[in-house]
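Let's walk through this structure together, one piece at a time. Keep the picture in view as you read.

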Amino acid sequence: MKVYGSEICSGCREFKALMARRGLELEFVEITENVANLRAFLALRDREEVFAPIRAEGRIGIPAFVREDGTVTLDADEALSWIGQPPMEPAQEGCASCG
């Protein structure tokens, strides 16, 4: 699973911390690291319907999770289920502006 996000997003940091606590590695694409990463994320965001409400509200849409088969979700619990993991703890919610 690939995760698009940024260290400046609290929801992204929380997800990465959860993965570390569970001893799991993930491919985290830091969208603010370089232009190539940002372009890759924007291309995904522009073409995937799951981002339509996010775009309409002027939000970013991270963390965004991409399954090996190309399925995209913005739901961390759904993404965790893809890799056989239990849901996030109830207190863990994404950043309201990134969402």
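Predicted model: local features only at pLDDT ≥ 70, side-chain atom pairs only at ≥ 80, totals over all residues.

Three bridges join strand β1 to strand β3 (residues 64-66), and these two strands run antiparallel. Here, strands are DSSP runs of E with at least two residues, helices are runs of H or I with at least four, and both are numbered from the N terminus; two strands pair if DSSP finds at least two bridges between them. Tyr 4, for example, has Ala 64 in β3 as its bridge partner.

Residues are numbered from 1 along each chain as its sequence is written, and side-chain values use heavy atoms, leaving out hydrogens and water.

Now turn to β1 (residues 2-5) again, which also pairs with β2 (residues 27-30), in the parallel sense over 4 bridges. Lys 2 stands opposite Glu 27 of β2.

Which residues of α2 are buried? They are Asn 37, Phe 41, Leu 44 and Arg 45, where buried means under 20% relative accessible area, exposed over 50% and partly exposed in between (1.4 Å probe, protein chains only). Seen down the axis of α2, these buried residues fall within an arc of 95°, taken from the directions from the helix axis to the C-beta atoms, so they line one face of the helix. The face turned away from that buried side carries the exposed Val 35, Ala 36, Arg 39, Asp 46 and Arg 47.
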